[in-house]
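Hi everyone, thanks for coming.

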Amino acid sequence: MAKELQVLNALDVAKTQWYHFTAIIIAGMGFFTDAYDLFCISLVTKLLGRIYYHIDGSSKPGSLPPNVAAAVNGVAFCGTLSGQLFFGWLGDKMGRKRVYGMTLMLMVICSIGSGLSFSRDAKAVISTLCFFRFWLGFGIGGDYPLSATIMSEYANKKTRGAFIAAVFAMQGFGILAGGIFAIIVSSAFKAKFDAPTYKENALASTVPQADYVWRIIVMVGALPALLTYYWRMKMPETARYTALVAKNAKQAASDMSKVLQVDLEAEEQKVEQLTEDKSNQFGLFTKKFLHRHGLHLLGTTSTWFLLDIAFYSQNLFQKDIFSAIGWIPKAETMNAIDEVYRIARAQTLIALCSTVPGYWFTVAFIDRIGRFAIQLMGFFFMTVFMFALAIPYEHWTHKDNRIGFVIIYSLTFFFANFGPNATTFVVPAEIFPARLRSTCHGISAAAGKLGAIVGAFGFLYMSQNKNKDKTDAGYPPGIGVRNSLLVLGVVNFFGISVYFLGS
């Protein structure tokens, strides 16, 4: 097997060294950018509604029509799904490193493009935003299989899980950075351009300069990606790809000799034997793959699909839940920039108290208690806390009980991240053979994004009030936040049962 190769064995048994941390930061900054770009849109959707969909004489501020809101929230996920499949496949065909640079430049260009528009007309602005967010998502999609595979193939055996989880944990910092930056920008604009509330003066409550707020927040996502491009291009290709897929033993030994700072033999004959061994030559659409890894792929895809339905609907629509329990005041009692500030503050608090710690708990414990134990525990507690929110929902809407609601809501995030949100990323990077690893991780991640699309589009409509008079402008009545939370609880419960497929 591959472990007989000296170069791969050296990587497996290597002590934790500086290059491991460099790889975590370089791969992790991609994930930092991914999270910032994907989640910053939820901070500014209400603002977009106020700026471009204001109706004179309306008692409520303008809001994005249902089809527009669904497109703005969901188009990046459609791009991400496509990118995961395409770049996952390309990563196994062309090599991890070469494709890595492409995804990063796409993210830089499209982050900047998202904040630009061809005119100030609502249709032109939203069309431009959706076009660039699709291609931004396409680049982000490629980052999933490539970052996971590169880290998996660089890591040693002892701490592989923790290293891959650490790359993914940068997502938490990306969400946090998005919230903090939105607070800074909205505070600065609020101080400079004071405005009355919507109730006091509907037209004056949205100052013309508010149009710059969402553009700045969206475009800043290009910076971290741009900063890591040079370092990504300096990283050598992974030894597993070079030796086992590209069949270049000499290059693999040379690259890893520099990384590990030891002399390694090329072992060209061994590489030839390994790559010509018929038992190692099965493709993705073969009976042999189905027999060896079919259940693994079913397990990784189904758990990621179910997890992302709950995770992304929770993340994208936090602002609606906070409004429903009165944590964010009614829209008409705020001006446009103040609303951005309050939404960002609420989301930052959740990220700081539950999202970020959850990721790093996984990093600390994944190699001690195992992937599947963490995944099962995460799904279990997500189910418990979702039902704890949903069943006595009326109780939580009373002003005195709102802090309790936020604590339990935060715990569902904590156990999503100290649970399946991290393990669904780690397991596909370890369980599949090197020549199909990036492809299979891409397929698993794409199943997750399909779940995110279901969550993003479905929850938007489902969470609307049953009473037509209380729904957001243009939306049909839904089943309400309480019933939506019950549905998400059931989805998490299915995650517990499906987990056994991958084990």
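I'll go through some ring pairs, then a cluster, then charges over rings.

A word on the source: this is a predicted model, where local features need pLDDT of at least 70, side-chain atom pairs count only at pLDDT 80 or more, and totals for chains, interfaces and linings use all residues. Residues are numbered from 1 along each chain as its sequence is written, and side-chain values use heavy atoms, with hydrogens and water left out.

How many aromatic pairs does the structure hold? There are 36. Rings of Phe, Tyr and Trp (its six-membered ring) pair if their centres lie within 6.5 Å; planes under 30 degrees apart count as stacked, over 60 as edge-to-face and the rest as tilted.

Take F173 and W360: their ring centres are 5.9 Å apart with the planes at 40°, so this pair is tilted. F173 belongs to helix α7 (residues 160-192) and W360 to helix α15 (residues 336-369), so the pair ties together parts 187 residues apart in sequence. Helices here are DSSP runs (H or I, at least four residues), numbered from the N terminus.

Now F380 and F381, an edge-to-face pair with 5.2 Å between centres and 75° between planes. Ring pairs also link these two into a cluster with F361, F365, F385, F414, F415 and F418.

Finally, K190 lies over the face of Y341, 4.1 Å from the ring centre. A charge counts as over a ring if NZ of Lys or CZ of Arg is within 6 Å of the ring centre and within 35 degrees of the ring normal.

Technical notes:
Helix = DSSP H or I, 4+ residues; strand = E, 2+ residues; numbered from the N terminus.
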